[in-house]
Amino acid sequence: MEKPVDHATESSETIPHKSNDLENTNHPDESEHQSQNNNPTETATTPESESSQLSLPQVMEAVDDFIQSLSSSTDPLQEIPPAVEPFPETVDSLVSKMESSGLGRDESEDSAFIDAVNRISISVIRLRELNLDSTPVSSWLNRASSVQHRAVSLLDEEFRHLLDRSNKKKNGDEHNNHDESDNNNPPQEEKTFPDIPPESIPTLKKIAGAMISAGYETECCMSYETSRRHAFKEELSEIGFEGINVDDVQRIPWESLQGEIASWISIVRRCSSVLFPGELSLCRTVFPEQDHASLRKGLFTGLVSAVTIRFLDFSGAVVLTKRSSEKLFKFLDMYETLRELIPAVEESDSDLIQEIKLSQTRLGEAAVTIFGELENSIKTDIGRTPVPSGAVHPLTRYTMNYLKYACEYKDTLNQVFQHYEKAETDETEPEPERHQREDDEEYKTSAFARQMIRVMELLDANLEVKSGLYRDPSLRSIFLMNNGRYILQKIKGSIEIRDLMGQAWTRKRSTELRQYHKSYQRETWGKVLQCMNQEGLQVNGKISKTALKERFKIFNNMFDEIHKTQSTWIVNDEQMQSELRVSIAALVIPAYRSFFGRYKQHIDSGRHTDKYVKYQPEDIESVIDDLFDGNPASMGRKRT
C-alpha cells in the first residue's frame, strides 16, 4: 500500500501527539505542522510530555499496563499516566489514516489499528465502571469516548463494505461472463457461497471482535444481518425462489403444480446443501469466540428462518390440496426434502426445527392417507365384467406398478408409517397390549412391509372374487395364473419389494401358482385323458369297433373344442405360456400316441377311417402350440 509521505505514524516507529494528517479534524489542541524538511519518520515533539517520543508498540504497552492497574489498584485514580494521556489522539490519528486508505489492504496496519481500538474501548469501559470523580480522568474519558465512537463507526462502515464487496464482485463477474458468452467461451464453474474473498475474512473477524468488545454488539449484528440478508435474497432470486407463490397452489391444476413442487424441491435442497451451510460457516468464522455462541445462533436463525417459513408455507398449502394417488410420490419427495433441511438448520432456534418437523408430519400423514386410498380402491373395485381371455387384470397392473414405484421410497414410507402407527397406538392401545403386540413375529417386520402385505392380501382376495366371474373353471385357473405370475415376476424383478415381502412369502406365491396349474390341467385335460382309457372298449373279450369309433369321435370333439376355445385365451408371460404347453404336451401326447397305436388298426380295415381318426400323434403338438395365443386358431395345421 502506498502511504502518504507526510504521515508520521507507522506501526514500528514513533507516534506524534498530533498527526499531520489531522489538519482537517479541527481538534482545538492540535499542534503546528512539522517543517517540510523534517524526516517524516522522526519523532514530533510536543510541549506536554515526553510520551510523544514513544513508538506505537510502546504506547500500546503503556495502555496495557494502565488497564491492568485499573483492575488491580485499590487507590482511586486521580490522573491519567503521562504515557497514556495522548492515546486518544494517537487513535484519532489512526482513524484518519484508515478513513483515507481503508481496511483490508495491509494486514499489519489493520491489526495495529484494531488493536488500538480494542485498547481504547477497554479503557473507556473500565473507567466508566469505576465512575471516578476526577476532572483529569473525566476529561480523558470524554476524549477517549469520542474517539472510540468515531473509530467504531469507521469499523462498522468497513465491516459492511467488506461484506458487500462479494455482491459487487459477483455482479461484475456476471457482466464479464455475459461478455465471455458472446465470445463462445466455456462457462465458469459454479461459485461457492458465500462468495466473500478469503483475504477479507480475517479482517471481518477482527472488526467484529473489536465492535463487540467496544460494546457495539447490536450495531455489529445489525450490519452483518442486513448485508447477509441482501446477499441471500439475491442468491435465492437467482435460483427462482421469488417465483413460488403460495396463493396459487390451491388454484392451479396438478400438472402445473408439479412443476412448482419440482422448483421448490430444487431450491430447498440447494439451501440445505449450499446456502445454509455456507451462511453458518461464515457466521462461525466471523464470530468464532465461544462466548459468541448465542450471537451466532441468533444471527443464523434470523437469516434462515424467514426463508424456511416460506418453504413451509408452500408445503402446507400443497398438503391442503385434494388428495389423489398420483400425488403420493411428490409428497414423499417433499417429505425427504424437509428431512434433509433439518441438519442444515440444527444450530438455529429449536422452534424453527419444530416447525419443519411439524410440516414433515403433515406431509407424512397425507402420504399415509393417500396410500390408504390404494387399499380402498382395491376393496371397492367390484366390476362385474371379467377381463377377456383371462388376461392380467388392470387392477393388478396398476397396484403392482404403484407398489414397485412406492418401494423406491421404502425407507421414507417406513419412517412415515412408523410415526403414524406410534401415534395411533399411543392414543388407542394400552401399554401392556402394545408391548405384547411388539413381541409378535408379524410386528417385527417393518411398518411399510406390513402395509405392503396388507395390500397384497386385499389384491389376492379381490382377484379371487373376480375369478368367479368366469363360468369355465379352466379359464378361472388361467386368470389366476396370469395375475399370480404377473405379481410374482414384479416382486422378483424388484429387490426392494422382494426384500420387504421376504422369501417365505415368495415361495408361498410360487406354490399357489403350481396349484392353479394343476387345477387347470385337471379341469381341462382330465376328461380328455379319461376318454382314452381302454375300459369299455371290449365286448365279450373283443374290441368293439363301434365303441372305439365313438371314443375317437369324443376325443376329436373335445380336442377341437379345447383348441377352438383356448386358442383365444391369453397367457401373458411367455415363459409360463411355454411351460403350460410343454406340460400339456407331456400329458396328452404320450397318452394319445399309446391309444392311437393300440387301436387305430381296428378302424383302418373299415371305410371312412378319417371320419373317426382325425389327428395323427404328430398333429397334437401343433394344435397345443396354438393355445393361449389370444387369437382364433385355424384348424388347418393338421399334418398330412
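This is a short tour of the structure, stop by stop, with something to select at each one.

**Before you start**

You are looking at a predicted model, where local features need pLDDT of at least 70 and side-chain atom pairs count only at pLDDT 80 or more, while totals for chains, interfaces and linings use all residues. Residues are numbered from 1 along each chain as its sequence is written, and side-chain values use heavy atoms, with hydrogens and water left out.

**The whole chain**

Start with everything shown as a cartoon. The chain has 22 helices and 2 strands; these are DSSP runs numbered from the N terminus, with helices being H or I of at least four residues and strands being E of at least two. Of its 640 residues, 46% count as buried. Buried means under 20% relative accessible area, exposed means over 50%, and partly exposed is in between, with a 1.4 Å probe and protein chains only. Among contacts in the chain with a separation of 6 or more, 78% come from residues 24 or more positions apart. A contact here means heavy atoms within 4.5 Å.

**Stop 1: helices α2 and α3**

Select residues 87–101 for α2 and 107–130 for α3. Two packed helices are described by the angle between their axes and the distance between the axes. Axes are lines fitted to C-alpha atoms, for helices over the stretch in contact, and angles run from 0 to 180 degrees between N-to-C directions. For this pair the axes come within 10 Å and cross at roughly 140°, so α2 and α3 are oblique to each other. The cut-offs are under 35 degrees for roughly parallel, over 145 for roughly antiparallel, 65 to 115 for roughly perpendicular, and oblique for the rest.

Now show the side chains. F87, P88, V91, L94, V95, K97 and M98 in α2 meet E109, D110, F113, A116, R119 and I120 in α3. Sorted by class, this contact has 9 nonpolar, no polar and 4 charged residues. In that sorting, Ala, Val, Leu, Ile, Met, Phe, Trp, Tyr, Cys and Pro count as nonpolar, Asp, Glu, Lys and Arg as charged, and the others, Gly among them, as polar.

**Stop 2: helices α6 and α7**

Move on to residues 217–238 (α6) and 254–286 (α7), whose axes come within 12 Å and cross at roughly 155°. That makes α6 roughly antiparallel to α7. On the α6 side, pick Y224, R228, F232, E235 and L236; they meet α7 residues including I267, R270, C271, L275 and F276. The α6–α7 contact counts 10 nonpolar, no polar and 4 charged residues.

While you are here, look at the cysteines. How many disulfides does the structure hold? It holds 0, with a disulfide taken as a pair of cysteine sulfur atoms within 2.5 Å. For C220, the nearest cysteine sulfur is that of C221, 5.5 Å away. C220 is buried, at a relative accessible area of 0%, and C271 is buried with a value of 0%.

**Stop 3**

Select S389, in the loop between α10 (350–380) and α11. S389 is not a glycine, yet it has a positive phi of about 65°.

**Stop 4: helices α11 and α14**

Next, select residues 394–406 (α11) and 447–467 (α14), which pack at about 170° with their axes 11 Å apart. They are therefore roughly antiparallel to each other. From α11 come L395, T396, T399, M400, L403 and A406, and their partners in α14 include F448, M452, V455 and M456. This contact divides into 10 nonpolar, 3 polar and 1 charged residue.

Stay on α14 and click D460. D460 touches I487 and R509, leaving out residues up to four places away in sequence.

**Stop 5: after α22**

Finish in the segment after α22 (617–624), where you will find F628. F628 has a positive phi of about 70° although it is not a glycine, and it is buried, with a relative accessible area of 1%.
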